[in-house]
Amino acid sequence: SRTQVAIVGAGPAGLLLGHLLRAEGIDVVIVERASADYVLGRIRAGVLEATLTDLLHRLGIDARLNAEGLPHDGFYLSDGEKLIHIAVGELTGKRVTVYGQTEVTRDLMAAAPERGLEVVYQADDLALNAIETDAPYLTYSKDGVAHRLDARFICGCDGFHGPSRKAIPDSAGRTFEKVYPFGWLGILADVPPCDDELIYANHPRGFALASMRSQTRSRYYIQVPSSEDVADWSDDRLWDELTIRLGPEAGSRITRGPAIEKSIAPLRSFVFEPMAYGSLFLAGDAAHIVPPTGAKGLNLAASDVAYLSEALAGFFRRSDNDGVAGYSARALARVWKSERFSWQLTTLMHRFPASDAFDRRMQQAELDYIAGSEAARKSIAENYVGLPL
Ligand code: FAD
Ligand code: DHB
């Protein structure tokens, strides 16, 4: 079969791009390896920039977001004792929305059929072919039957481990990477959050984050060594550690409950340049990874596809080649700024195994500076709400 744009991967990047292209009248097919239920079972990001919510409003896929999303006008940094308030709303005039990645994905999935967005789930053995030409195509099999999908462009929205980035010859790209010597152990539980706002804490025992999905569902994380086994963390042990690391004030307000989900995610900074090769474009985690401190991963996927959908609309509707030619440079300019912010906040808020007493004092001095300087808080706030497109 044939389409104008073939998208690999039905995560948030692929689904959002598919909808944005359909809204421009462009034909799209998304091919996804997993089942729809598997995609919805992944618990990931929770904080949405206006960059992403604006796209959902524009698409009119926002009924549940409007009803259930929690607007947040600020958050806290903690040094393990006192809380430093970052008044994002006052400092920037913008806010973020707490609404799970799972829910964004569910809403985009539900709206696909009525908008003519075809998604093929459970596609095996996907390969990208002839991407250096103007006539690329995907091959895959489903239920044992081989398929070929021809397109003018292929968009790789298949995450960090997907085949799209790997289809680009080594000589045509460059990788930048930093792997951190710790991961985040996350717990999701149906208990009220310990505060109305998020708390990012740098305690001498390591980082902790208090987040939420709703007034009755909490999401917490703690930094653990990369080698840690989630089986060694009973719910009680994790709640005890969170109570210590979040400090006396917030820690005492934690409500405990059984874990609905508990898992460890590695932390990594990664960028692949360029984000295009021949007739292939990369977007989202397929091209870059940020450590989760600062909540930029999902939001970067959204800004990528905003740029990419504009570029592709220019190509198909106005025969304009400049947008597609400029996509990679335009996206990377924003990617690198989010990489910088995520790396800096990770460095400020975590315990590094190799760090010494001087490094600890530097973290304390920086947190103290932030507490006393509106300019410092404003810089953090404008990055947290999302830099302009
Ligand atoms: P993905 O969501 O990874 O989607 C890629 C899709 O491509 C998947 O559905 C996958 O099944 C599909 N795919 C892969 N290979 C193939 C193939 N061969 N054929 C067809 N389809 C394929 N960000 C935050 O801001 N906060 C967080 O707390 C946070 N936690 C995270 C925890 C984990 C474990 C991970 C992995 C990421 C986390 N992130 C977090 C990052 C955020 O979730 C991602 O940035 C976001 O999911 C990126 O969306 P995406 O659509 O680019 O990629
Ligand atoms: C969440 C994840 C993050 O990485 C973050 O910075 C804030 C919140 C979350 O899952 O709720």
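Predicted model: local features only at pLDDT ≥ 70, side-chain atom pairs only at ≥ 80, totals over all residues.
**Ground rules.** I number residues from 1 along each chain as its sequence is written, with chains lettered from A and ligands numbered from 1 in the order in which they are written.

**Ligand 1.** I looked up the residues around ligand 1 (a heavy atom within 4 Å) and found 27, of which A13, E32, R42, Q101 and D285 come nearest. I then checked polar contacts (pairs of N or O atoms within 3.5 Å): oxygen atoms of ligand 1 lie 2.5 Å from a side-chain N or O atom of E32, 2.7 Å from one of D285 and 3.0 Å from one of R44. Taken alone, ligand 1 exposes 1,000 Å², and the protein buries 84% of that (Shrake-Rupley method, 1.4 Å probe). The elements that give two or more residues to this shell are α1 (12–23) and α10 (297–318), where helices are DSSP runs of H or I with at least four residues and strands are runs of E with at least two. I sorted the shell into 13 nonpolar, seven polar and seven charged residues, with Gly counted as polar.

**Ligand 2.** Around ligand 2 I found 14 residues, with Y200, S211, R213, Y221 and P292 coming nearest. Oxygen atoms of ligand 2 lie 2.6 Å from a polar side-chain atom of S211, and 2.7 Å from one of R213 and from one of Y200. The protein covers 97% of the 290 Å² of accessible area that ligand 2 has on its own. Strands β14 (198–203), β15 (206–214) and β16 (217–225) each give two or more residues to the shell, and β15 gives the most, with three. I also noted that the shell draws at least three residues from each of domain 1 (5–72 + 94–177 + 268–346) and domain 2 (182–267 + 349–384), the bounds coming from an automatic or database domain assignment.

**Sheet.** I traced an open sheet of three strands in the order β3-β7-β4, with antiparallel pairing, where two strands pair if DSSP finds at least two bridges between them. The edge strands are β3 (47–48) and β4 (70–72). I counted three bridges between β4 and β7 (residues 96–98), and L70 has V98 in β7 as its bridge partner.

Technical notes:
Heavy atoms only, no water. Polar contact = N/O pair within 3.5 Å; in protein donor to acceptor, adjacent residues only side chain to side chain.
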